[in-house]
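Visitor: I am new to this structure. Please take one part, look at it closely, and tell me how it is put together.

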Amino acid sequence: MRTYFRALLLSTCLTVSTACSASLFAQVQTMEKEADLIGVLQNGAPADKAIACKRLAIYGTGESVSELAKLLPDDSLSSWTRIALEAIPGSKPDEALRNAAKSLSGNKLIGVLNSIGVRGDVAAVDLLKSKLQDSDVQVASAAAIALGQIGNEAARKSLTQSLANAPAGARSAIAEACVLCAEKAMNDGKSDIAIAVYDQVRKADVPSQRVIEATRGAILARKEQGVPLLVENLRSPDRGLFRIALATAREMTKGDVDGALSTEIGAASPDRAALVIQALADRNGPGALPAIVKAAASGPKEVRLSALNALARVGNASSVSTLVSVAGEADADLTKGALQALAELPDQNATKEILDRLSKADDKLLPVLLAVVGVRRIEATDLITKALAKKDKATREAALKALGATVPPDRMDVLLTQVLKPSFVEDVEVARSALKTAAVRMPDREACAKQIAASIETSSLETQTALLDILAAVGGTNALQAVKNAALSSSDPLKDVSSKLLGDWMTIDAAPVLLNLATSGPADKYQGRALRGYIRIARQFAMGEPERVAMIQNALMASKQPADQKLILPILEKFSSIEMLKIAIKMAGADDLKEDATKTVLAIAKKLDGKPEVAKLLAEAGIKP
Amino acid sequence: MKKKIDTIKRRSFLKSALASAGAAAVAPTIIPSSAIGRDGAVPPSERVVLGGIGIGNRGNYDLGCFLEQKDVQFIAVCDVKEARRLAVKKIADTKYGNENCSMHQDFREVLDRKDIDAVLIATGPNWHATMSMYAARAGKDIYCEKPCTKNIEQSLILRDTMRRTGRIFQAGTQRRNLPHFAFACYLARTGKLGKLSKIYAHPAGMQAMMSGWLPAEAPPEKGKVDWDMYLGPAAWRPFNPKLLDGFNFEKGGGLVGGGVLEWGSHCVDLCQWAVDDCPPPVEYNAPANGELMARYENGTQLIFREKGWIPLGSCPVRFEGDKGWVEAGDSGKMVLSSPELMAGRVVEEIGGYPATFHVRDFLDAVKTRSQPKGNAEAACNAHIVCHSANIALFLNRQVKLDLKNYEFINDEPANRLRSEALREPWRI
């Protein structure tokens with residue numbers, strides 16, 4: 001019993017902590033000699049024996065084997081003892097397992113055969129051969145798999161000889177074991193043997209999944225000579241064989257597989273051709289591209305879409321011409337696919353090719369190429385700017401979007417001008433959106449904000465509003481100052497928009513600005529909005545407790561409405577502490593807040609359960625927990 | 001958890017946001033257009049017919065993501081608990097307006113059905129690897145919740161089995177299909193951060209656990225709860241209700257997982273993506289000062305760290321190079337050492353780690369036979385990292401991994417923890 005508790009202690013404490021598990025383990029390791037563990041096997045309770053088996057799996061030797069073997073017929077402990085017997089090195093466990101296999105039956109025999117296979121016990125081949133004939137097909141199957149795991153010549157011969165005439169229930173396992181043997185032969189450099197075994201399984205009356213596995217092996221084992229068999233299966237009416245051919249094509253390193261797949265694109269049905277293209281692209285071999293480009297250019301739509309998708313991964317500069325052409329077609333799906341491919345083409349030379357085409361583009365292709373420049377983020381400000389003067393609105397919009405995605409910091413003025421003095425008034429919304437896109441990606445946001453803020457004063461009210469919105473998206477000190485100035489201005493619309501923007505500001509430095517707005521100037525709706533923005537920051541942002549407590553106290557001092565004060569209560573509960581509890585208790589003293597604040601007090605007290613100060617504070621406040 | 005994302009947002013994300021996030025390795029989202037019927041319905045020949053196994057809380061969430069997809073037809077549920085079988089059948093039958101969802105207590109019945117293409121495996125972690133292997137051998141594609149394996153050997157066999165069988169495997173590592181995590185990994189993987197020196201994962205509790213044997217209690221009727229099937233490949237123990245639904249039950253075999261595996265299968269997986277899914281670190285050290293440091297062959301350090309994170313939500317990762325750093329978490333937000341790393345891109349912020357995009361990635365892979373983001377090889381490597389770290393944690397000393405055979409160098413105790421026998425009759 002002592003050992004049982006020790007084992008339980010071990011298993012329990014090992015869950016506690018790293019330090020605990022390490023030190024306890026070292027202690028137990030010293031304490032638990034193998035002899036002790038063997039003693040447990042002899043005299044312990046089942047639970048003790050189970051844990052002892054696990055210990056012996058790590059530290060046991062041949063000395064433990066005879067006692068472990070005695071547990072193999074045990075319904076409860078057979079699985080535990082095999083954990084040790086599979087792990088202990090040397091010949092004694094092998095002998096024990098072989099001996100047990102002679103007397104056991106059913107699941108326990110299957111377990112032993114499984115362990116023999118895992119250990120790869122060559123001396124067990126004759127025994128396993130005899131078990132192949134067992135009337136229990138599960139036993140025969142386990143013996144077959146064990147032979148496959150051993151995989152020597154004797155095992156292989158017994159399996160291949162049994163395949164044809166074995167009972168149907170065992171044939172699948174025998175075929176699987178044959179494949180294991182063939183793999184071993186391949187690893188040993190005996191590809192002729194492997195091919196023969198694979199072919200035998202392919203042609204045997206076995207479940208289709210076994211044929212699939214053998215087919216893959218037969219193709220790979222043939223190396224460059226495997227291509228015809230690959231093609232044969234790509235053309236198979238059997239979906240399983242077609243699919244394994246697709247997978248195997250991706251694995252093949254020898255032979256003209258790219259050529260074979262390229263040919264199949266033209267020969268296969270559109271559905272299959274689309275899938276062949278994906279396999280060809282996944283191979284990404286030197287011969288893959290021409291066929292994929294060709295498939296993208298014309299043919300059934302599903303094949304073209306697959307090819308466009310593939311070009312995004314494997315295309316290069318030579319693909320640009322076709323992709324630009326497809327991007328200009330009327331079909332929206334094809335256009336989208338081509339643009340996506342152009343955006344993602346991995347080859348940097350493709351960028352040069354696209355720029356060259358942009359400089360020469362006619363009016364039809366110009367918007368397409370502008371979109372490509374945008375999605376690839378190619379800096380081409382001068383070329384793009386020229387398009388802003390085009391009569392076609394779609395072209396101008398494409399140019400503005402491209403500028404938004406690509407304009408560098410020192411050319412921001414190009415977009416700013418389009419917002420302040422647009423060439424075409426109807427483009428101003430797109431220009432603003434583009435400026436925002438550009439502004440938020442600028443590496444020096446302070447400089448960017450300064451440049452934009454400088455334009456506010458001289459702009460129309462509508463433009464000022466748009467620029468403030470952009471500044472809020474940029475963030476930072478300069479942007480904050482500009483929005484603050486607008487909030488303090490005498491313009492009601494500007495106060496409106498800027499107080500909204502500050503209320504949603506995403507950095508903590510807006511807090512003092514909001515507090516200032518909430519506590520200065522005439523009382524109006526913007527004061528309340530600023531206060532709520534201030535409280536939001538106290539609620540949402542990471543900060544130390546002293547800072548949060550200070551913000552809450554500031555908010556309480558600034559707030560005039562119970563509704564605003566109630567917004568503070570969830571913060572107190574979320575960041576429960578003694579200080580928060582004290583504030584909540586204080587708030588509970590106000591008639592307007594008593595009911596809600598008392599609930600908060602109790603919620604905080606529950607979270608702080610166990611802290612002695614809590615009961616004292618509640619008692620002082622006359623609040624019963 | 002953010003369960004609902006409107007269709008437009010989802011589609012726009014799939015088609016543009018990830019690409020604009022610079023995730024160059026975005027899997028294709030190609031579906032033959034013939035798969036889409038005139039009214040947006042999907043013809044039966046192009047549907048992925050799905051069965052669900054172990055559909056509890058997490059499984060229900062995953063299933064919801066599948067059911068949102070028009071090209072999914074869910075037709076069978078398997079669970080060891082009758083109440084769950086009934087609940088899931090009700091969901092499916094209500095959706096389809098029929099009574100066709102079949103219920104099973106033994107998952108092998110689902111795998112035997114020839115009309116099922118793929119299975120969602122959301123059992124307890126004890127079953128994940130074993131059941132995935134059975135499913136692959138039965139010719140099913142697999143979306144499997146994490147952690148996917150219980151030890152190093154299972155991880156390797158999972159990888160090899162998926163290759164051999166040609167099945168599509170997607171680990172439930174859905175953060176690989178979220179734009180801010182994808183972008184952070186992209187920055188690291190493509191050298192935008194310079195030479196990587198340290199990458200950080202948050203294990204949310206580093207601890208090694210051993211499975212226990214709790215006192216026997218009266219087992220429920222087998223039709224209500226099939227305890228034997230629930231135990232499955234785990235070593236036998238008597239029924240005890242505390243072990244049912246145990247989040248940490250038997251997830252690591254001989255010694256187990258804790259936070260390193262539970263969270264590492266996500267955040268270490270992202271770290272692995274950041275280093276381009278290269279082989280796992282070769283050295284794992286004992287924990288010190290709340291950190292466990294592993295080292296890749298090229299010298300980059302992978303650090304399991306419990307504290308010191310910018311508050312960006314759960315499952316944070318941080319990648320540091322000599323030109324910059326990035327940190328991202330489950331809030332959907334990331335922090336960069338410089339805004340210039342954005343290079344003008346807009347990365348959509350999707351918090352709450354939804355699995356919708358990951359499920360879509362899986363379904364597309366089922367159709368194209370390309371590899372999804374959480375494929376078996378990626379999952380294998382990430383899980384080996386976690387298991388190796390756990391072995392260092394358990395032994396409380398450094399262990400060194402040989403990448404040629406994924407064995408520990410001259411370290412028998414560590415090597416004995418690489419695998420563990422399964423209870424009969426199950427095999428991996």
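Predicted model: local features only at pLDDT ≥ 70, side-chain atom pairs only at ≥ 80, totals over all residues.

Guide: Two residues are in contact here if their C-beta atoms, placed from the backbone, lie within 7 Å. The domain assignment of chain A gives domain 1 as residues 348-441, domain 2 as 444-565 and domain 3 as 568-625. Taken over C-alpha atoms, the centres of domain 1 and domain 2 of chain A are 33 Å apart. Where they touch, 10 residues of domain 1 of chain A are in contact with 11 residues of domain 2 of chain A.

On the domain 1 side, helix 27 (412-420) and helix 28 (428-440) of chain A each provide at least two of the touching residues. Helix 28 of chain A gives the largest share of that side, with five residues. Sorted by class, the side of domain 1 of chain A that touches domain 2 has eight nonpolar and two charged residues, and no polar ones.

As for confidence, the average pLDDT of chain A is 92, and 94% of its residues score at least 70. Residues 1-28 of chain A have a pLDDT below 50; this stretch has 39 contacts in the model beyond near neighbours in sequence.

Chain B contains 13 helices and 15 strands. Of its 428 residues, 58% are buried. Among the contacts in chain B with a separation of 6 or more, 73% join residues 24 or more positions apart.

Technical notes. Residues numbered from 1 in each chain as written. Chains lettered and ligands numbered in written order. pLDDT = per-residue confidence, 0-100. Helix = DSSP H or I, 4+ residues; strand = E, 2+ residues; numbered from the N terminus. Buried ≥ 20, exposed ≤ 12 C-beta atoms within 10 Å, placed from the backbone. Domains from an automatic or database assignment. Nonpolar A, V, L, I, M, F, W, Y, C, P; charged D, E, K, R; others polar.
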